[in-house]
Amino acid sequence: MQNLYTVSKDYRKEIADDKYYYARSCIRQNFFPGSEVTFLNILKKDLDRDVFDDPKHTTCTGIAYHSDVIPFDTIQTVVARHFALMSENGYENFIASCVTSFGMYIEITETWKHFPEQLELIREHLKKATGREFMIPKNIAHTSDIVYKYRMRIAEQMKYPLVNAKTGQPLKVVDHIGCHYAKMFPDKGEGGAEFTQVLQGMIKAWGGATVDYPERRHCCGFGFRQYLVQANRGYSVSNSKKKFESMQPYEPDLIVANCPGCAMFMDRWQYTLNEMQGTRYGASDTMIPVLTYEEMAGLVLGYDPWDMGLQMHQVDVTPLLDKMGVKYDPDGKYRTRTGRPIGSYTPQQSR
Amino acid sequence: MQLHELIKQDIRYKEALNACMNCGMCTAVCPAAEFSDYDPRILLNIVQSQDDDALEKLLKSDYIWLCGQCMSCKTRCPRGNVPGLMINVLRRYSQELGYFTESRRGRQQYALHKVLNGNVLGQGYCIVPEAVKPELHPEQGPVWEWVYRNKEELYDRVGANLHKPGAGVLRQIDSGSLAELQAIYDQTGATEMGKKIEDFSVKKAEQLGYDTDDEDGMEKYFMDVYQGKI
């Protein structure tokens, strides 16, 4: 079965080497702000890459589009503005931090290939609305593609491998890709939708073992309107529950997510399900720590967990840090960089 | 114009449907089909029947609002059809024609429009920390509540640039960029769409007995659709 997990030539995507225009994610900035900081630090300091962080870049409006409160022409024109900003700043390679955004950038550029008249209409819309003109990027990638591309260089600088420091055994890691990375356009995701490599490649390069469980490819349950509207959240938690129950027998040490929304849901729904029905899905009745891939890369490289914002997770990550043998300051978790306590109390994390 | 002819004008219709053979692969993989009465196979079958009465009934129902937009159906369809994309087309016309207020889930579009378009045009983001209020998001847990109460110090601790000028995480989007977003909304029909959602919602709220002359009346309507009470 090993051959199923090599990358078919049909699903090997081209990923640019350098000179990236960076498009931030609404959800990642809100819930995992340290992940985007860590990503830029890794690219600039550890990998010596040129990446442009543009203050004029805005939301792509993807959440509004998939919640059906804006027309297709609107999101196409907002995306066209992002491409214009990229060109104006001298860049050709576009990288997106958000999986929903990445899916939209691909869907829109594919639409323009199939309907050239639509491309002309959007050029006209952008010109009229902003006076800007745009070029279609030479290369579009998700930010995890870049980390994947340089996974072996990160491995060369690795401080803490994905290994149990006491037993020497590889950590069992569940990867969650996020639907819009490759389900819509499988040839735009490394490994395609079925045997997606982008996180698996990192896990293996850094000493971990991947868990191939039945519902590996199932949606986390975000569903846009199905989470954003309070009355609909049963849909969202039901999907994550299905995944947790499916991975439970494999006793994973860690869940790593490609998509910022998925990372948030896999973290928060474990807390919610425990509150609702008292269940935990990790080994020995514990919860499973959840990381973004930037956080996983940062830990491997020896970044400080509290600098990366791991104290913002609901599921406590310290059992994972202890397992990996990561050195950290337990007293610094809820403090500013100068050592002052943040807030009047420390929050209750879940374990 | 006939309803089916109208929805065919959306370019996404052409990408979403090419003679569905009713194999049901989409339904087998669909999360919404697993957790609700939704069935993407039936949805496409109604659309390709070109039966305007059935289409109107569909656009007035909860059915089209059950999809979660994961697009797993796209991966699986042997003919490359995309029920999830057809959903976007149907939801568009349900709102353009005012049919969305006829169903409980359709009425939720008022809350989604107010929150999301308010965030986009006001701050340049779909989501901002202030909008994730712990009292409306108990599932976010005690850590988020702590983050929410101490966001200035905490976001600063992890290297963000919360609501400040310049680059970085959650930076303040400059007024020029916000003006461009507004101009794009005006140019591409989003402003008009938002107005339609609001006008039809006010009309429905009046029918349901809300005092729409009072600001609190539409605020109550917002909360009631958000919490599924109407």
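In chain B, the C-alpha centres of domain 1 and domain 2 are separated by 27 Å. This is a predicted model, where local features need pLDDT of at least 70, side-chain atom pairs count only at pLDDT 80 or more, and totals for chains, interfaces and linings use all residues. Residues are numbered from 1 along each chain as its sequence is written, chains are lettered from A and ligands numbered from 1 in the order in which they are written, and side-chain values use heavy atoms, with hydrogens and water left out.

I stay with chain B for now. Its domain 1 covers 3-105 and its domain 2 covers 106-226; such bounds come from an automatic or database domain assignment. Domain 1 of chain B brings 12 residues to the contact and domain 2 of chain B brings 10, contact being heavy atoms within 4.5 Å. About 1100 Å² is buried between these two domains, 52% of it from carbon and sulfur atoms. Buried area here is the accessible area (1.4 Å probe) that two parts lose on being put together, summed over both. On the domain 1 side of chain B, the residues losing the most area are B:Q95, B:F100 and B:T101, together 49% of what that side buries.

How many salt bridges does the rule find across this interface of chain B? One, counting a side-chain nitrogen of Lys or Arg within 4 Å of a carboxyl oxygen of Asp or Glu. B:E102 pairs with B:K204 in a salt bridge, with the closest N and O atoms 3.6 Å apart. By class, the side of domain 1 of chain B that touches domain 2 of chain B has three nonpolar, four polar and five charged residues. Ala, Val, Leu, Ile, Met, Phe, Trp, Tyr, Cys and Pro count as nonpolar, Asp, Glu, Lys and Arg as charged, and the others, Gly among them, as polar.

Now chain A. The assignment gives domain 1 as 15-143 and domain 2 as 158-332. Their C-alpha centres lie 25 Å apart, and the contact takes 30 residues from domain 1 of chain A and 29 from domain 2 of chain A. The buried area between them is about 2600 Å², with 70% given by carbon and sulfur atoms. In domain 1 of chain A, A:R28, A:F32 and A:V99 lose the most area to domain 2 of chain A, together 22% of what that side buries.

Two salt bridges are found across this interface of chain A. A:R28 also forms a salt bridge with A:E294, at 3.1 Å between the closest N and O atoms.
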